[in-house]
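Reader: Hi! Could you walk me through this one before I set anything up?
Author: Happy to, let's take a look together.

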Amino acid sequence: MKKTRIPSTKGLSRRTVMKAAGAAALASALPFPALAKERVIKLGYVSPQTGPLAPFAEADNFTFDMVKKAIGDGVQIGGKTHPVEIVVKDSQSNPNRAAEVAADLINGDKIDLMLVGNTPETTNPVGDQCEVNEVPCLSSLAPWQPWFFTRGGDPAKGFTWTYHYFWGLEDIIAVFLNMWDKVPTNKSVGGLFPNDGDGNAWGDAERGFPKPLAAKGYTLHDPGRYQNLSDDFSAQISAFKKDSCEIVTGVVIPPDWTTFWKQAKQQGFAPKAASIGKALLFPVAIEALGDAGNNLSSEIWWSPSHPFKSSLTGMSAGDLAGAYTAATGKQWTQPIGFAHSLFEVAVDTLKRTEDIGDRKSVLDALTKTKLDTVVGPIAWGSGPVKNVAKTPLVGGQWRLGGQFKYDLVITSNETATNIPVGGDMQPIA
Amino acid sequence: MGGLYALFATGLTLIFGVMRLVNIGHGDLIVLAAFLGLAVVEATGIDPFLSLIIVVPVMAALGYGLQRGLFNLTLGRDILPPLLVSFGLSIIIQNLLLEIFSADSRKLQVGALETASIRLADNLAIGVLPLIVFLCAIAVILGLQVVFYRTTLGRAFRATSDDQQTAQLMGIDNRHLYGLAMAIALGVVAIAGIFLGVRTNFDPSIGPARLIYAFEAVIIGGLGSLWGTLAGGVVLGVAQSIGAKLDPGWQLLAGHLAFLAVLLIRPRGLFPRAYD
């Protein structure tokens with residue numbers, strides 16, 4: 001009995017499967033709109049979910065949930081509803097790994113469009129893979145110079161498959177200068193530039209900080225490149241003291257900034273303004289300074305008071321930040337808006353794609369984007385190079401008190417006057 | 001600075017000295033201790049230094065457990081298996097911390113003490129915190145010195161380190177002893193972790209970067225020598241400061257150069273423990 005039953009059930013089940021498959025094939029061939037399943041569109045997303053860059057990816061799941069809800073059954077393309085799938089891969093904060101998973105997404109998952117953000121260490125290797133494999137790639141969250149020039153971009157030719165939106169070094173310099181102009185100082189600036197991609201770009205005599213600062217009457221004292229994760233900044237501090245610097249700037253990783261700032265206090269070095277890139281991006285980094293972080297200043301690319309709305313959900317920037325806090329119990333961070341906007345542009349591009357399934361057609365729609373997103377209007381064509389669109393950048397200070405331990409207050413908006421300021425620039429007490 | 005490096009390195013030198021085990025996961029254990037301190041401080045609201053009362057025993061217990069349950073199984077003639085296990089441990093700790101505490105970079109707060117300093121001359125000030133760290137490093141090493149050279153336990157440690165088989169013949173349970181050594185080492189690691197957390201930010205992935213200084217301090221000082229480790233830490237710290245005075249780019253390089261110079265001139269370190 002047993003011996004005969006087992007093979008027979010197996011045979012039956014295989015037959016049922018075949019039948020079901022046949023029925024499914026028939027059903028999909030039938031012209032019932034309700035049953036018709038359009039091709040699933042796949043969006044690839046590479047993100048540093050683990051490793052040192054992981055704070056950037058903290059809002060990933062929040063963003064995916066919101067986007068999935070907004071898309072619902074799918075995106076309307078040419079009168080048909082295509083379901084959308086987001087395929088996420090972890091770059092482990094490692095550029096080589098990022099390139100590897102990007103190739104996986106392209107060749108294995110056969111994605112229609114690649115989305116990537118969160119520092120040049122993620123955007124560049126993924127962009128290069130897309131360029132080689134001829135897949136449209138939309139990126140953000142990396143200043144455009146390290147994205148464009150580090151990848152060997154030629155401003156005359158540009159790239160074919162990779163498009164980027166963010167701000168550039170020229171914007172952050174303008175923002176910092178505007179902030180410093182509001183504080184009476186002796187215009188002597190101390191620079192902290194590490195020996196890494198960002199530090200070398202910022203400190204570069206031609207393309208970096210020195211020239212624009214000199215043009216506005218500021219003198220930059222640059223003691224030289226240091227190594228990241230230095231445990232001792234007394235040499236820089238005594239150099240700044242000797243040159244009586246009243247402003248400090250630089251692009252410093254958070255642990256180094258904590259070390260520097262603590263040591264500066266120990267050694268009695270008290271600048272009136274400190275505008276730092278990178279280190280002051282996330283609220284946890286500023287909370288690490290205790291009360292000593294009050295009035296430190298930083299660039300702001302997105303905040304809840306940016307007067308923009310999501311094209312996907314209709315939420316304002318403030319609503320989006322509020323939803324994040326409600327969902328996670330954490331304070332908003334700047335990458336939230338940009339991660340959301342990547343999907344805004346992606347969905348908008350898909351909607352305008354004439355021949356979905358053809359990568360060239362997707363690319364064509366992407367290049368013609370003109371969209372008001374939660375981070376501002378995005379349209380390529382008027383940027384510094386053809387593949388780069390710029391989003392507005394303002395500056396602000398971290399202030400004690402308010403809803404969270406520290407709140408980021410916009411104090412300088414000369415570069416984008418449509419973004420309201422939240423307070424006056426104050427010297428560091 | 002040297003004091004902190006010495007604290008980092010003391011645990012490493014202990015483990016190597018007694019068990020001939022190179023612990024790649026040492027840096028991550030330091031970060032683990034810092035996160036434990038953070039958890040204790042957040043849960044109870046006590047001062048980070050007071051949290052040592054809890055963190056040190058917890059880490060010591062963890063060390064004993066790790067040694068009995070994991071490292072003892074791998075120790076043998078071959079030095080490679082324990083090395084690989086400690087490497088795996090390093091990765092496991094990193095990812096556990098990432099899972100539990102997220103990737104946020106954190107810090108332990110001790111308020112005004114962090115920025116307090118003692119003015120020695122017009123242009124010379126010593127931070128109170130670095131001073132505490134340095135004194136603490138000396139105290140820890142003094143304490144270990146006493147344990148190692150004045151107690152029966154210390155004699156057992158030294159005996160096992162010198163000749164494991166003979167020590168066993170004399171009735172010493174080397175597995176238990178290794179567990180104790182690891183417990184003491186992780187107790188020191190706990191102190192180093194808390195001081196690291198007070199001094200600067202830490203996140204789950206920062207451990208390996210701290211490991212190299214510990215290694216260098218150990219090698220400069222001479223393998224297995226406690227006072228040598230302190231000297232190694234100080235040499236490393238001073239070399240870095242001098243390098244930074246010349247050019248900030250030379251800060252870390254100067255430390256590495258001092259390390260290489262010691263290796264060239266005295267390959268066994270400044271104060272080698274024994275010629276074996």
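Author: To begin with, chain A has 14 helices and 17 strands. Do keep in mind that this is a predicted model.

Reader: Thanks! What does chain A span along its principal axes?
Author: Its C-alpha trace spans about 95 × 55 × 40 Å.

Reader: And how much of chain A is buried?
Author: Of its 429 residues, 52% are buried. As for contacts in chain A between residues at least 6 apart in sequence, 70% join residues at least 24 apart.

Reader: Nice. Which order do the strands take in the open sheet of 6?
Author: The order is S4-S1-S5-S6-S7-S15 in chain A, and the pairing is parallel. At the edges are strand S4 (84–90) and strand S15 (388–390) of chain A, each of which pairs on one side only.

Reader: By how many degrees are neighbouring strands of this sheet turned against each other?
Author: On average by 20°, ignoring direction.

Reader: Can we zoom in on one pair? How many bridges join S1 and S5 of chain A?
Author: There are 4 bridges between strand S1 (residues 41–47) and strand S5 (residues 113–116) of chain A, in the parallel sense. Within that pairing, A:Tyr45 has A:Leu115 of S5(A) as its bridge partner.

Reader: Switching topic: which residues touch the most other members of the largest nonpolar core?
Author: Those are A:Met114, B:Ala33, B:Ala181 and B:Ile191, in a core of 205 residues. Helix H8 (residues 174–199) of chain B gives the largest share of this core, 17 residues.

Reader: Why does this core lie between domain 1 and domain 2 of chain A?
Author: Because both domains give residues to it: domain 1 (41–167 + 305–390) and domain 2 (170–300 + 393–412) of chain A.

Reader: Back to B:Ile191, what does it touch?
Author: Leaving out residues up to four places away in sequence, B:Ile191 touches B:Leu7, B:Leu52, B:Val56, B:Cys136 and B:Val140.

Reader: Last one, the contact between the chains. How many residues come from each chain?
Author: Chain A gives 33 residues and chain B gives 31. On the chain A side, helix H9 (234–242), helix H10 (254–266) and helix H11 (283–287) each supply at least two residues.

Reader: Which of them gives the largest share?
Author: H10(A) does, with 7 residues of the side of chain A that touches chain B. By type, that side divides into 13 nonpolar, 14 polar and 6 charged residues.

Methods
Residues are numbered from 1 along each chain as its sequence is written. Chains are lettered from A and ligands numbered from 1 in the order in which they are written. This is a predicted model: local features need pLDDT of at least 70, side-chain atom pairs count only at pLDDT 80 or more; totals for chains, interfaces and linings use all residues. Two strands pair if DSSP finds at least two bridges between them. Axes are lines fitted to C-alpha atoms, for helices over the stretch in contact, and angles run from 0 to 180 degrees between N-to-C directions. A residue is buried if 20 or more other C-beta atoms lie within 10 Å of its own, exposed if 12 or fewer, and partly exposed in between; C-beta atoms are placed from the backbone. Two residues are in contact if their C-beta atoms, placed from the backbone, lie within 7 Å. Ala, Val, Leu, Ile, Met, Phe, Trp, Tyr, Cys and Pro count as nonpolar, Asp, Glu, Lys and Arg as charged, and the others, Gly among them, as polar. A nonpolar core is a set of buried Ala, Val, Leu, Ile, Met, Phe, Trp, Tyr and Cys residues joined through C-beta atoms within 7 Å. Domain bounds come from an automatic or database domain assignment.
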